[in-house]
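Visitor: I would like a close look at a single part of this model, with its surroundings described in order.

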Amino acid sequence: MRDIVIFSGSAHPELAAEICAHLEVPLHPVRVRRFANDCLEVQLQANCRERDVFLIQPLVKPVQDNLVELLLMIDAARGASAARVTVVMPHYSYARSDKKDAPRISIGGRLVADLLVAAGASRVLTMTLHSPQVHGFFSVPVDHLHALRELAAHFRRYDLSNTTVVSPDLGNAKEASHFARMLGVPVAAGAKQRFADDKVAISSVIGEVSGRDIIVLDDEIARGSTVLELLDRLRDLGARTVRVACTHGLFAGGALKRISAQPEVAEIVCTNTVPIPEEERVPGLTVLSIAPALAEAVHRIHDGESVSALFDQAPAQS
């Protein structure tokens, strides 16, 4: 088996270091320079020739800088004669641009997938895509993990006898149903309409929520407008306590503070697919590590083993 070599971009080096710690392999350095004309130059500072190269870089703010940095890393690995280049992208932000729902707009999710492949990516490892069809935008193999095992392991510590899992919209209802089955609780979903990036309306909640403890499950929380609208409906319907859970905690524009300020919110739970600065964290926030799951997936890809088998195992322990 060829040697494994792992590099991290600038987006989330802490997660990359944690993945490498679980794999017991070094995280090799990357030199990134910005020229006077604002162009980037990337140098991978370890031998890649005929090696199995993994590049860890979630697409988080500043997304465009991190995307170009990732493309340059892929190109550098390919130019250095890597045997295989696997992109480990815990958060694929362009997955939200998955359809043409207005005239003359681009489908960014497909375009960025094409760019990654054109740069030289042999394979992609990602987590909880916003829309399942984004998987099909890539012309190389994609291993698509989810964080439901980690989230379920966390919530099993509580008394769930009076709990309902609620999806903010029907688009995420399938994932919420799967999560509810893992916990052995009922599921409900909101009927949502989106009018703008930060303006949504939830007219009703389909399912029984009155007098119950609620776990709101979403794939990502950015501005938090959907969650706040759902909290209003749950309050009107007489829900008891609410715990908010998601995979990607982007929490843009003070969303974390606004959600935590709601009186019925007992806890906010997310994973570390994206970095959350210490100064932005609030009491009641729990950040679960998905590094063990990603490390196991990297190990299986490197050894040519099944990655889908991860979904059938007990949650990885950090």
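Which residues does F138 touch, not counting residues up to four places away in sequence?

Guide: The model is predicted. With residues up to four places away in sequence left out, F138 touches M89, Y92, A113, L116 and V124.

Strand β7 covers residues 123–127 and runs parallel to β6, to which four bridges join it. Both strands belong to an open sheet of six, in the order β2-β1-β5-β6-β7-β8, with parallel pairing. At the edges are β2 (27–28) and β8 (142–145), each of which pairs on one side only. Packed on the sheet is helix α8, residues 291–303, which touches β1, β5, β6, β7 and β8. The direction of α8 makes about 160° with that of β7.

For part of this region there is also a record. UniProt, in an unreviewed entry, lists residues 4–120 as "domain: Ribose-phosphate pyrophosphokinase N-terminal". In the model, that span is 34% helix and 24% strand, and its end C-alpha atoms lie 17 Å apart.

T247 lies in β13, which spans residues 242–249. T247 counts as buried because its relative accessibility is 3%, and the cut-off for buried is under 20%. Leaving out residues up to four places away in sequence, T247 touches M127, T128, A147, D218, D219, C270, T271 and T273.

The cysteines remain. A disulfide is a covalent bond between the sulfur atoms of two cysteines. The structure holds zero disulfides. C48 is in none, and the nearest cysteine sulfur, that of C20, is 13 Å away. C48 is buried, with a relative accessible area of 2%, whereas C39 is partly exposed, at 39%.

Definitions and conventions:
Residues are numbered from 1 along each chain as its sequence is written. This is a predicted model: local features need pLDDT of at least 70, side-chain atom pairs count only at pLDDT 80 or more; totals for chains, interfaces and linings use all residues. Side-chain values use heavy atoms; hydrogens and water are left out. Contact means heavy atoms within 4.5 Å. Helices (H or I, at least four residues) and strands (E, at least two) are DSSP runs, numbered from the N terminus. Buried means under 20% relative accessible area, exposed over 50%, partly exposed in between (1.4 Å probe, protein chains only). A disulfide is a pair of cysteine sulfur atoms within 2.5 Å. UniProt positions are given in the numbering used here, feature names are shortened, and annotations may be inferred rather than shown by experiment. Two strands pair if DSSP finds at least two bridges between them. Axes are lines fitted to C-alpha atoms, for helices over the stretch in contact, and angles run from 0 to 180 degrees between N-to-C directions.
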